[in-house]
Amino acid sequence: GREFVREGRLQKVCRKDLQPRVLILFTDVLLYTRETQAGYHLDSVLPLNGMRASELNQTNHEHAFTVVSTRKSFQLVASTEREKKDWLEALNQTITEHARKQVSFDAQGNRRIMSLLDESDGKPPSGGATATATGAPEKGSPDVASADSDFVLGEMAHVWISDDS
């Protein structure tokens with residue numbers, strides 16, 4: 001199942017400036033969000049399949065690294081070298097572990113574990129959802145948050161995001 005790994009505020013390198021972003025790493029996806037007054041605006045849900053994260057040596061920004069997924073690539077800047085190293089370690093360990101689990105399930109001839117998003121455009125199904133600190137979606141809310149919608153996350157260790165359709 002999906003488990004929370006790490007959350008953090010980083011700066012995205014844009015053409016003219018740096019823009020704040022919040023990344024939320026789970027064992028199978030990376031949520032790429034922006035903070036809003038209501039919580040977080042979900043920009044992209046990026047499956048870890050085929051993702052790479054690495055240091056960025058030729059840049060005008062200290063503590064920069066890059067994330068390349070099958071759907072989106074971006075450069076991020078951490079506030080410290082330690083934070084950059086921690087993010088790179090968490091991303092690469094989680095990506096490796098996710099790939100290892102998929103290979104072992106495939107090798108056993110079992111149903112391959114695939115994210116609902118792996119075969120989509122990188123965005124969750126339409127219809128926003130609000131996750132609560134208790135881990136369940138609010139009443140009347142769809143199971144999966146939609147890109148281009150705002151949502152609120154409670155205590156990160158208890159956030160529930162469903163893959164079920």
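Me: Which side chain is joined to that of His98 by a polar contact, and at what distance?

Reply: Keep in mind that this is a predicted model. His98 is found in helix H1. Leaving aside neighbours within four places in sequence, His98 is in contact with Thr27, Asp28, Leu48 and Asn49. The polar contact joins the side chain of His98 to that of Asn49, at 2.8 Å.

Me: Is His98 buried or exposed?

Reply: The cut-off for buried is under 20% relative accessible area. His98 has 11%. His98 is therefore buried.

Me: How many residues does the largest nonpolar core have, and which element gives the most to it?

Reply: The largest nonpolar core has 19 residues. Elements giving two or more residues to this core are strands S2 (18-26), S3 (29-36), S6 (64-68) and S7 (73-77), together with helix H1 (81-107). With five residues, the element that gives the most is H1.

Me: Which residues have the most contacts inside that core?

Reply: In soluble globular proteins, nonpolar side chains tend to be buried together. Here the residues with the most contacts inside the largest core are Leu23, Leu30, Phe65, Val67, Phe74 and Leu91.

Me: What is Leu23 in contact with, leaving aside its neighbours within four places in sequence?

Reply: Contact here takes heavy atoms within 4.5 Å. The list for Leu23 includes Arg6, Glu7, Gly8 and Leu10. It also includes Leu30, Leu31, Tyr32, Phe74, Leu76 and Trp87.

Me: How many bridges join S1 to S2, and how many residues lie between them in the hairpin?

Reply: Strand S1 spans residues 4-13, and S1 and S2 run antiparallel. Nine bridges join them. Their hairpin has four residues between the strands.

Me: Which residue stands opposite Leu25?

Reply: S2 and S3 run antiparallel, joined by four bridges. A hairpin joins the two strands through two residues. The residue in S3 opposite Leu25 is Leu30.

Me: How many aromatic pairs are there, and why is the pair of Phe4 and Phe26 edge-to-face?

Reply: The count comes to two aromatic pairs. The ring centres of Phe4 and Phe26 are 6.1 Å apart, with the planes at 80°. Angles over 60 degrees count as edge-to-face. The pair is therefore edge-to-face, at 80°.

Me: How many residues apart in sequence are the parts that this pair ties together?

Reply: Phe4 lies in strand S1 and Phe26 in strand S2. Phe4 also stands opposite Phe26 in the strand pairing. The pair ties together parts that are 22 residues apart.

Me: Is Phe4 buried, exposed or partly exposed, and what about Phe26?

Reply: Buried means under 20% relative accessible area, and exposed means over 50%. Phe4 has 28%, so Phe4 is partly exposed. Phe26 has 2%, so Phe26 is buried.

Me: What kind of pair do Tyr32 and Phe74 form?

Reply: The ring centres lie 4.5 Å apart. The planes are at 40°, so the pair is tilted.

Me: Which strands hold Tyr32 and Phe74, and how many residues apart are they?

Reply: Tyr32 counts as buried at 2% relative accessibility. Phe74 counts as buried at 3%. The pair links distant parts of the chain, Tyr32 in S3 and Phe74 in S7, 42 residues apart.

Methods:
Residues numbered from 1 in each chain as written. Predicted model: local features only at pLDDT ≥ 70, side-chain atom pairs only at ≥ 80, totals over all residues. Heavy atoms only, no water. Core = buried A, V, L, I, M, F, W, Y, C linked by side-chain atoms within 4.5 Å. Buried < 20%, exposed > 50% of the residue type's maximum accessible area, 1.4 Å probe, protein only. Pairing = 2+ DSSP bridges. Phe/Tyr/Trp six-rings, centres within 6.5 Å; stacked < 30°, edge-to-face > 60°. Polar contact = N/O pair within 3.5 Å; in protein donor to acceptor, adjacent residues only side chain to side chain.
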